[in-house]
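Open the model in your viewer and keep the sequence panel beside it. The tour below goes from one selection to the next and says what is there.

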Amino acid sequence: MSAEIRKIVSPTEEELNTMSLWMYEWWGEREGYCFDAVKRYMKNSMNDTRLPKTFGLYKDGILIGIYQFTNHDLFVRPDIYPWLANVYIDKNYRNAGFGKILLESVKENAVSELDSDELYLFTNHKNLYERFGWEMFAEEETYQQEGIVSFYRLKLR
């Protein structure tokens with residue numbers, strides 16, 4: 001399986017459209033955003049020296065997944081940051097080990113890219129992130145469609 005993780009700073013138009021469509025179908029439409037707004041969000045979330053930063057998983061040169069580091073991900077928890085957000089694998093590549101490749105790269109990239117001792121995420125997934133060193137530290141109401149979610153922390157240093 002030939003796959004690599006790369007920080008995306010200058011995506012091709014095709015990559016930008018692919019990522020934007022993933023995010024639009026996943027959360028954008030449900031949260032009331034038009035496709036162009038999600039595309040603008042994605043375009044502005046690819047930075048080299050500041051957050052947000054986007055990392056892509058490529059198989060044979062084709063973008064098949066992403067994740068992002070960001071300062072804000074959940075309105076009810078502005079007190080914790082930075083966040084791991086928008087962890088996504090294209091539907092055609094799920095359940096084939098690519099999620100593992102993506103998640104195994106998070107800590108190394110976070111250590112080199114973030115000036116933080118910890119990284120956070122929230123999710124409804126159970127028994128997934130623990131396999132990659134994350135620890136659940138709370139379950140809280142989001143007051144959004146997600147309802148009660150689990151909050152996780154990854155020690156970076």
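The model is predicted. Start with the secondary structure and colour five elements: helix H1 (13-28), helix H2 (35-43), strand S4 (83-89), helix H3 (98-104) and strand S5 (118-123). Each of them supplies at least two residues of the lining of the largest pocket.

**Stop 1: the largest pocket**

Select Trp26, Trp27, Ala85, Asn86 and Val87, the lining residues that lie nearest the centre of the largest pocket. Its lining has 49 residues, and its volume is about 1500 Å³. Which element gives the largest share of this lining? Strand S4 does, with 7 residues. By type, the lining residues divide into 28 nonpolar, 11 polar and 10 charged.

**Stop 2: Asn86**

Is Asn86 buried or exposed? Asn86 counts as buried because its relative accessible area, 10%, is under the 20% cut-off. Now check the backbone: phi of Asn86 is near 55°, a positive value in a residue other than glycine. Most residues other than glycine have a negative phi.

**Stop 3: Asp60**

For another positive phi, select Asp60, where the angle is near 50°. Asp60 sits in the loop between S2 and S3. With a relative accessible area of 51%, Asp60 is exposed, because the cut-off for that class is over 50%.

**Stop 4**

Move to strand S3 (residues 62-70) and select Thr70. Thr70 is buried, at a relative accessible area of 8%. Show its side chain: one of the polar atoms there lies 3.4 Å from the backbone oxygen of His72. Leaving out residues up to four places away in sequence, Thr70 touches Leu51, Pro52, Pro82, Trp83 and Ala85.

Pro52 lies in the loop between H2 and strand S2 (53-59), and a cis peptide bond with omega of about 0° joins Leu51 to Pro52. Pro82 is in the loop between S3 and S4. The peptide bond from Tyr81 to Pro82 is also cis, with omega near 0°. Most peptide bonds are trans.

**Stop 5: Leu102**

Select Leu102 in helix H3. How accessible is Leu102? Its relative accessibility is 1%, so Leu102 counts as buried. Display the neighbours next: not counting residues up to four places away in sequence, Leu102 touches Ile5, Leu57, Gly65, Ile66, Tyr67, Val87, Tyr88 and Ile89. Val87 in this list is among the residues nearest the centre of the largest pocket. Then draw a distance from Leu102 to Val38: their C-alpha atoms are separated by 22 Å, and the two residues are 64 apart along the chain.

**Stop 6: Gln144**

End at the loop between strand S6 (135-141) and strand S7 (148-155), and select Gln144. Gln144 has a relative accessibility of 39% and therefore counts as partly exposed.

Notes: Residues are numbered from 1 along each chain as its sequence is written. This is a predicted model: local features need pLDDT of at least 70, side-chain atom pairs count only at pLDDT 80 or more; totals for chains, interfaces and linings use all residues. Side-chain values use heavy atoms; hydrogens and water are left out. On a 1 Å grid over the protein atoms alone, a cavity is a set of points where a 1.4 Å probe fits but cannot get out, and a pocket is an open set with protein on both sides within 12 Å along at least five of seven lines; lining residues have an atom within 4 Å of a point. Grid points are joined across faces, edges and corners, and a volume is the space filled by probe spheres set on the points. Helices (H or I, at least four residues) and strands (E, at least two) are DSSP runs, numbered from the N terminus. Ala, Val, Leu, Ile, Met, Phe, Trp, Tyr, Cys and Pro count as nonpolar, Asp, Glu, Lys and Arg as charged, and the others, Gly among them, as polar. Buried means under 20% relative accessible area, exposed over 50%, partly exposed in between (1.4 Å probe, protein chains only). A polar contact is a pair of N or O atoms within 3.5 Å; within protein, one must be able to donate a hydrogen and the other to accept it, and residues adjacent in sequence count only if both atoms are side-chain atoms. Contact means heavy atoms within 4.5 Å.
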